[in-house]
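Here is a short briefing to read with the structure open beside you. Take it topic by topic, and keep your viewer handy.

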Amino acid sequence: MSILIKGGRVIDPENKIDAKLDILVEGNKISKVAKNIQAQEATIIDADNKIVAPGIIDMHVHLRQPGREDKETVATATLAAAKGGVTTVLAMPNTQPAMDCPEGVRLLQEIIKKDAKVNVLICGTITKGRLGEELSDIAALKKSGVYAISDDGCSVDSDELMLEALKKAKQAGLLTICHSEDKKLSGKGVINLGFNSTRLGLRGISNESEYKRVRRDIELAKKAASAVHIAHVSCRESVEIIAQAKKTGIKVTCETAPHYFTLTEDALLGYDTNMKMNPPLRSKKDLMAIKQGLKDGTIDVIASDHAPHTENEKDIEFERAEFGVVGLETELSAGINELLAKGVLDWPGLVEKYCLNPAKILGLEAGRLAKGTPADIIIVSDQEPWVVDKQNLVSKSKNSAFLGYSLKGAVDYTICKGQVVYKR
Amino acid sequence: MAWTKKDLLGLEYLSPEEIELILDTAESFKEVSTREIKKVPALRGKTAVNLFYEPSTRTRVSFEVAAKRLSADVINIATETSSVRKGETLIDTGKNIQALKADIIIMRHNYSGAANMLARALDISVVNAGDGWHEHPTQALLDIFTLKEKLGKIKGLNVAIVGDIAHSRVARSNIWGLTKLGANVTLCAPEMLLPVGIELTGAKTSSNIDEVLKKADAVNVLRMQFERDEGTAFPEQLDYFKKFGITEERLAKAKKDVVVMHPGPINRGIEMSSEVADGKNSVILEQVTNGIAVRMAVLFLVSQAREAKNEHID
Amino acid sequence: MKEKAKILDQEGISRAITRIAHEIIEKNKGTAGLCVIGIRNRGVYIAQRIAECIKKIEGKEIETGALDITLYRDDLALASGQPRVRKTEIDFDINEKNLVLVDDVLYTGRTIRAALDALIDLGRPRSIQLAVLVDRGHRELPIRADFVGKNIPTSNKESVEVCLQESDGSEEVLIAERQ
């Protein structure tokens with residue numbers, strides 16, 4: 001079974017391609033990228049006036065399975081991923097139980113084999129139970145097939161333990177992802193610390209609680225001579241610290257999420273719990289720094305930090321509501337609206353952040369559109385408007401920060417491993 | 001100018017005209033409480049529910065008296081937050097009360113924003129009787145009403161608010177109300193009790209009570225709550241009284257007719273001395289009396305707005 | 001609104017008020033225990049004028065007050081446009097008084113019903129009498145005026161507009177077709 005994608009604007013920054021080309025998919029690989037490909041047997045997809053890009057590789061997704069299948073499952077999350085143009089997700093390990101041992105990983109792999117509609121990679125934990133007390137068996141985790149380790153949602157407070165983890169991860173050839181937050185500083189905070197937290201009467205989360213930990217994590221990575229990836233960067237000081245570190249040759253990469261370049265703390269003024277996430281929506285200044293960081297390359301990756309929660313956990317008093325928003329189905333549209341339309345990034349730039357850089361960081365072949373690479377491809381109408389509402393989200397949870405927003409950019413086709421997994 | 005809001009959630013989003021309308025209406029209602037028969041039939045047949053998630057005798061009683069003087073039926077529900085955690089959600093509770101065909105929910109809640117959330121979820125009126133550290137609009141309205149009664153105006157007055165600004169909903173509502181009506185507000189507290197960015201409200205800040213008192217036409221003294229443990233180091237009680245307590249010696253250096261207010265209940269000898277609380281500058285009991293008129297005005301206006309809206313839909 | 005017809009001019013209003021004052025004195029056999037209370041807004045001004053007339057005639061001050069009936073209206077929920085609550089100002093005891101209630105126009109009688117309820121909440125007068133500048137008919141309640149400035153037969157489609165110097169800057173009573 002082969003697919004011929006005809007006449008789209010093909011974007012592949014790695015191979016410096018941005019041209020009207022055809023792509024032939026045979027089996028689960030791309031077999032040809034050229035002008036006017038003829039293939040009698042192939043199913044033809046007309047991509048005239050459309051963008052043809054590699055599938056998104058989302059480095060920060062909470063599948064909630066095993067443990068919280070009421071929020072999301074591998075099946076529903078990967079359905080949402082396909083709809084959002086995401087062909088690979090990195091599953092965060094804060095499941096119940098946490099992904100801290102090979103047995104757990106194997107259990108999840110079974111579920112993935114059965115239910116996943118797109119590629120799911122597993123991230124293991126740094127410490128057992130993500131408690132920051134005792135290291136997981138990192139070598140064993142690697143062997144069981146995880147792609148990275150992270151204590152997602154928690155930071156390892158002990159410098160010694162974190163340094164040890166970075167060294168072990170390096171030995172095992174695993175990427176360490178840091179949720180950089182000093183909980184002694186963020187405390188019981190629920191929104192960004194500032195005038196808005198004051199006027200709303202809510203406890204604040206300072207930039208300091210993030211960037212001080214970012215600085216520490218980078219220093220430890222330098223000491224361990226290991227690579228480190230900083231998750232969900234939200235504030236200007238973090239961007240600056242990472243930029244400096246990159247200049248001195250430390251192997252640090254980082255990601256931000258669409259809400260941090262689209263929304264500010266002003267979205268909280270009505271106590272909308274769908275605007276509550278950690279790190280919190282920051283100030284306008286921080287948002288500008290995030291955009292600048294994306295533009296100048298300090299920020300490598302855009303990831304959704306897809307964090308599904310049930311209505312019961314969101315439709316309650318603000319301070320009691322869970323942190324986090326879903327994002328798989330809106331992340332590309334958010335980038336098109338805030339970055340492409342506003343001139344921060346062009347299409348090759350977007351593809352770098354969403355596809356190519358995550359592939360490089362995780363050591364994947366995908367993220368490119370060249371002969372022989374995996375046939376993970378999306379076809380996008382980048383001018384097509386759509387309105388985000390609970391009815392058109394397929395994720396099990398509807399806690400989107402973009403409910404009611406009209407966004408430009410709709411995914412027409414998602415092809416994963418040579419199969420059409422989503423068609424609009 | 002007509003009142004169009006079905007709820008009263010805070011003063012931050014009210015216009016100066018809306019605040020004036022409440023104050024003017026309250027002035028008319030004040031007369032009712034001076035009568036032999038302290039009752040008018042304006043809300044006859046209406047039901048107001050006092051939904052209190054935090055213990056508060058004085059605010060609840062004040063609302064109850066206000067509602068009864070308007071001939072509304074009043075039902076009191078006092079709930080410990082701990083049991084609510086296990087049980088139904090706030091929105092479910094609200095929808096149940098709405099299903100009982102109540103007309104107004106008067107809510108006190110320990111979480112900021114709870115009233116906003118409930119108001120969004122319900123068609124009936126919600127009056128915020130204090131939510132977390134956020135707002136306590138009727139307290140501020142009665143403070144402002146009392147000030148206006150005493151000094152004839154609000155515009156241009158120098159008003160000092162003294163105490164734990166960071167954790168005070170009374171302070172926040174007063175800041176919004178007073179600045180909107182043109183008063184100069186100075187917040188006086190130890191540095192650590194002044195929240196981030198508070199000066200963006202238009203209020204000034206100071207940590208020198210004697211300097212602030214010199215210029216003040218009125219001083220609103222907040223209740224210090226030392227029992228609250230939020231991880232913030234609170235000052236020692238005695239130390240606080242020495243540095244910020246309102247005493248006769250301090251008042252002697254202030255303007256002769258400075259108006260001294262307190263939302264109650266007073267911690268005598270902590271934020272204010274007994275002599276000051278009972279002294280000639282104190283209007284603390286007048287505040288309580290005016291609280292009834294202000295709350296009558298609020299209950300009347302929100303139910304009028306809701307009736308008008310419902311009629312429109314039909 | 002169609003062309004307005006003038007029913008009373010300044011002098012007409014003045015004569016009507018003077019006559020009402022005389023009738024009040026006559027009916028009450030003097031001014032002992034007499035007081036006049038106007039219904040807000042225009043009733044208050046008419047009540048004050050009646051009191052002045054009585055003073056001219058009898059040489060005695062009588063007590064006057066202002067009554068706001070908003071909170072007693074039976075159409076509060078239906079009121080188009082929000083009625084503004086104003087102050088009731090009656091700073092004397094109405095118990096055992098011969099009280100003359102004053103309004104500008106008597107129409108359905110519902111305002112007077114509300115006013116009677118409001119007055120009874122304030123005390124127990126010996127008697128309550130009603131004086132109006134204009135009675136236009138169409139009663140919906142069993143209420144009638146004791147003193148009437150002018151009876152004007154109207155249709156329900158018409159509106160009667162009383163203008164007084166204190167509130168409107170002119171002195172006239174107009175009748176017009178409602179649209």
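## A helix in chain C

In this predicted model, helix α2 (residues 42-58) of chain C has 17 residues, and at 1.5 Å a residue it should span 24 Å; its end C-alpha atoms are 24 Å apart, so the two values agree. Here is what surrounds that helix, followed by the other topics.

- Buried residues of α2(C) include Arg42(C), Gly43(C), Val44(C), Tyr45(C) and Ile46(C). Ala47(C), Arg49(C), Ile50(C), Ala51(C) and Ile54(C) are buried in this helix too.
- Gly59(C) follows α2(C), and its phi is positive, near 70 degrees.

## How the chains meet

- Chains A and B share the most contacts of the 2 pairs of chains in contact.
- In that pair, 19 residues of chain A are in contact with 21 residues of chain B. On the chain A side, helix α6 (residues 195-200) gives the most, with 5 residues. Sorted by class, the side of chain A that touches chain B has 7 nonpolar, 7 polar and 5 charged residues.
- Chain B also meets chain C: 18 residues of chain B are in contact with 14 residues of chain C. Two helices of chain B, α1 (16-30) and α12 (284-313), each supply at least two residues of the side that touches chain C. By class, that side of chain B has 9 nonpolar, 3 polar and 6 charged residues.
- What about chain A and chain C? No contact joins them, and their closest C-alpha atoms lie 28 Å apart.

## Two domains in chain B

- Chain B is divided into domain 1 (16-136 + 288-306) and domain 2 (138-286). The C-alpha centres of these domains of chain B lie 25 Å apart.
- How many residues do the domains bring into contact? In chain B, 21 residues of domain 1 are in contact with 22 residues of domain 2.
- On the domain 1 side of this contact, the elements of chain B that give two or more residues are α1, β4 (125-131) and α12. The largest share of that side, 7 residues, comes from α12(B).
- By class, the side of domain 1 of chain B that touches domain 2 of chain B has 10 nonpolar, 7 polar and 4 charged residues.

- Strand β5 (residues 158-162) of chain B pairs with β8(B) in the parallel sense, over 4 bridges. Within this pairing, Ala218(B) in β8(B) has Val159(B) opposite.
- β8(B) also pairs in the parallel sense with strand β9 (residues 259-261) of chain B, over 3 bridges. Here the bridge partner of Val219(B) is Val260(B) in β9(B).

## Backbone points worth a look

- Most residues other than glycine have a negative phi, and most peptide bonds are trans.
- The peptide bond from Gln65(A) to Pro66(A) is cis, with omega near 5 degrees. Pro66(A) sits in the loop between β6 (56-61) and α1 (74-84) of chain A.
- A cis peptide bond also runs from Asn278(A) to Pro279(A), with omega near -5 degrees. Pro279(A) belongs to the loop between α9 (258-262) and α10 (284-296) of chain A.
- Asn36(A) is not a glycine, yet its phi is positive, about 45 degrees. This residue, Asn36(A), lies in the loop between β3 (29-34) and β4 (43-46) of chain A. Asn36(A) counts as exposed because it has 8 other C-beta atoms within 10 Å.
- In chain C, Lys29(C) has a positive phi near 55 degrees, and it is a residue other than glycine. Lys29(C) is placed in the loop between α1 (10-28) and β2 (34-39) of chain C. Lys29(C) has 9 C-beta neighbours inside 10 Å and therefore counts as exposed.

Methods: Residues are numbered from 1 along each chain as its sequence is written. Chains are lettered from A and ligands numbered from 1 in the order in which they are written. This is a predicted model: local features need pLDDT of at least 70, side-chain atom pairs count only at pLDDT 80 or more; totals for chains, interfaces and linings use all residues. Two residues are in contact if their C-beta atoms, placed from the backbone, lie within 7 Å. Ala, Val, Leu, Ile, Met, Phe, Trp, Tyr, Cys and Pro count as nonpolar, Asp, Glu, Lys and Arg as charged, and the others, Gly among them, as polar. Two strands pair if DSSP finds at least two bridges between them. A residue is buried if 20 or more other C-beta atoms lie within 10 Å of its own, exposed if 12 or fewer, and partly exposed in between; C-beta atoms are placed from the backbone. The expected span of a helix is 1.5 Å times one less than its number of residues. Domain bounds come from an automatic or database domain assignment.
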